[in-house]
Amino acid sequence: REAFLAEQAQGAEFWTYSCGASYGNDGETQHCPDSGVSDPPLERRIYPWFCYKWDFKGFLLFTMNSWGTWTEEGKNLTTDPAKRWPLNGEKNVTDSDYQLIYPAPDGRPVASMRLENLRDGMEDYEYLYMLEDLLAKLKAAGIAPELVKQGEALLNLEPDIIVHANDFVKDPSLLVARRNAIGDLIVKLRSELQLS
């Protein structure tokens, strides 16, 4: 972590990714957010919060969609509607646990709940930066120091939301409450700054 922070301080940009298998040798205590179908929905939503906390410039969900069937030569797409769904191939059962988009019977893409959770997290991410921007404007104008203090407390994600990759909020209501508080404060700050 120290090396990462030192490079970041010198202008290096960092991205992060998830590829499943987020459990370490000692089980639950080593669990990082993951995107499998059995992982809690909050774990997709919190990815962008991690990006905000550590100023990651991007996030990759690795190998999330494989709509084809497996063959001896590797994974090939099929035009057979009976085999189009990932759950229809024995080797695709594991892959389907990480699908973010599924093919409908007519071939159109259908978003999974996991993708919807990730979208909510990306909206949260926008709220975090919107609040940060408004706080900078208040500071520059030298007004509403009590609101600045309140906003800075909401942007500090430790220890309530994220401490480190293995220690993050598990109760979705706490994350939603933080987002709602940020949204309410954004409305107040826009009014204070007379922004429409």
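Helices (H or I, at least four residues) and strands (E, at least two) are DSSP runs, numbered from the N terminus. The model is predicted: local features need pLDDT of at least 70, side-chain atom pairs count only at pLDDT 80 or more, and totals for chains, interfaces and linings use all residues. Residues are numbered from 1 along each chain as its sequence is written, and side-chain values use heavy atoms, with hydrogens and water left out.

**Exercise 1. Backbone geometry**

Task: State where Q194 and D55 are found and whether each is buried or exposed, or partly exposed.

Solution. Most residues other than glycine have a negative phi, and most peptide bonds are trans.

Step 1. Q194 belongs to the segment after α7 (172-192). Its phi is near 60°, a positive value in a residue other than glycine. With a relative accessibility of 73%, Q194 is exposed (buried means under 20% relative accessible area, exposed over 50%, partly exposed in between, with a 1.4 Å probe and protein chains only).

Step 2. D55 sits in the loop between α3 (47-53) and β2 (58-61). D55 is not a glycine either, yet has a positive phi of about 55°. Its relative accessible area of 28% makes D55 partly exposed.

Step 3. A cis peptide bond runs from E158 to P159, with omega near -5°. P159 is in the loop between α6 (145-155) and β7 (162-164).

**Exercise 2. Helix packing**

Task: Describe how α6 packs against α5 and against α7.

Solution. Two packed helices are described by the angle between their axes and the distance between the axes. Axes are lines fitted to C-alpha atoms, for helices over the stretch in contact, and angles run from 0 to 180 degrees between N-to-C directions.

Step 1. For α5 and α6, the angle is about 150° and the axes are 10 Å apart. The two are therefore roughly antiparallel (over 145 degrees; under 35 is roughly parallel, 65 to 115 roughly perpendicular, and the rest oblique).

Step 2. For α6 and α7, the angle is about 150°, with axes 10 Å apart. α6 is therefore roughly antiparallel to α7.

Step 3. α5 passes α6 in a left-handed crossing, and the crossing of α6 and α7 is left-handed (the near helix is turned anticlockwise from the far one by less than a right angle; clockwise is right-handed).
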